[in-house]
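Visitor: Could you walk me through this model, and tell me what stands behind each label you use?

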Amino acid sequence: EFVNTAEGLPIERSIIEELIPFIDGRFRTIPEKSGRAIDGFSMGGFGCLSVAFRNPEKFCAVVSYGAALTITAKGRNYRDEAHFEEHDPWSIVRRNTDAIRNGVRVRMVCGDADYLYESNVKFKDLLGTLRIPVDWISVPGVAHNTMGLYEARGLESLQFLEETFALAAAGKPHA
């Protein structure tokens, strides 16, 4: 779930403090927010929203596919409710609204036959209530299926990211 787990595994810290510097140090990247995005499917969709929303100074965009926005504090990775709320996108977005609204472009893609569809719609609606722009894509007839979502809308998501990088480079995080 991309979190620093109850057992002490520093997963999010490893992404932010180790993986990003490793990639930036070895590959031709734009080693700043304007050149960085994160995406994920299912539990990874939950995780990428959590990581991007907790670290809006690091990412200009986030794309979730069929995000598992039904994860609860009873999951194996959380010490207690407070630890869960540190990583829960539902909680983070309420705490960090302005930074997210002003600095992270959000795209959500979910199949309308996905068992997680309703929770994704509710999260999209929460973002709207908080005036956080979200590029919402409902994919007809697709269940909880990575390839189905990527085949239907993956190229468009890459175009969304390309546009986001261009806007961020020009100093315009949102259009």
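This is a predicted model: local features need pLDDT of at least 70, side-chain atom pairs count only at pLDDT 80 or more; totals for chains, interfaces and linings use all residues.

Visitor: Why is Cys 110 called buried?

Guide: Buried means under 20% relative accessible area, exposed means over 50%, and partly exposed is in between (1.4 Å probe, protein chains only). Cys 110 has a relative accessible area of 0%, so it counts as buried. This residue lies in strand 3, residues 105–111; strands (E, at least two residues) and helices (H or I, at least four) are DSSP runs, numbered from the N terminus.

Visitor: Which residues does Cys 110 touch, not counting those up to four places away in sequence?

Guide: With contact meaning heavy atoms within 4.5 Å, the list for Cys 110 includes Gly 66, Tyr 117, Trp 136, Ser 138 and Leu 149. Take Ser 138: Cys 110 is 28 residues from it in sequence, but their C-alpha atoms are 5.3 Å apart.

Visitor: What makes Arg 107 and Asp 135 a salt bridge?

Guide: The term asks for a side-chain nitrogen of Lys or Arg within 4 Å of a carboxyl oxygen of Asp or Glu. In this pair the closest N and O atoms are 2.3 Å apart, so Arg 107 and Asp 135 qualify. The bridge links distant parts of the chain, with Arg 107 in strand 3 and Asp 135 in strand 4 (residues 134–139), 28 residues apart.

Visitor: Which residues are linked with Arg 107 in a network of salt bridges?

Guide: Asp 135, Arg 153 and Glu 156 join Arg 107 in that network. Glu 156 meets Arg 107 at 3.6 Å, N to O, and that pair spans 49 residues, from helix 7 (residues 146–169) to strand 3. At 33% relative accessibility, Glu 156 counts as partly exposed. The structure holds 10 salt bridges.

Visitor: How do you know that helix 2 is largely enclosed?

Guide: Count the buried residues: 10 of its 12, so the rest of the structure largely encloses helix 2. Among them are Phe 46, Cys 48, Leu 49 and Phe 53.

Visitor: And what span is expected for helix 2 (residues 43–54)?

Guide: The expected span is 1.5 Å times one less than the number of residues. For helix 2 that gives 16 Å, and its first and last C-alpha atoms are 16 Å apart, so the span is close to expectation.

Visitor: Which residues lie nearest the centre of the largest pocket?

Guide: Those are Ile 20, Ile 23, Arg 36, Ala 37 and Phe 59, out of 13 lining residues. Helix 1 (11–26) and strand 1 (37–41) each give two or more residues to that lining, and helix 1 has the largest share, with 5.

Conventions. Residues are numbered from 1 along each chain as its sequence is written. Side-chain values use heavy atoms; hydrogens and water are left out. On a 1 Å grid over the protein atoms alone, a cavity is a set of points where a 1.4 Å probe fits but cannot get out, and a pocket is an open set with protein on both sides within 12 Å along at least five of seven lines; lining residues have an atom within 4 Å of a point.
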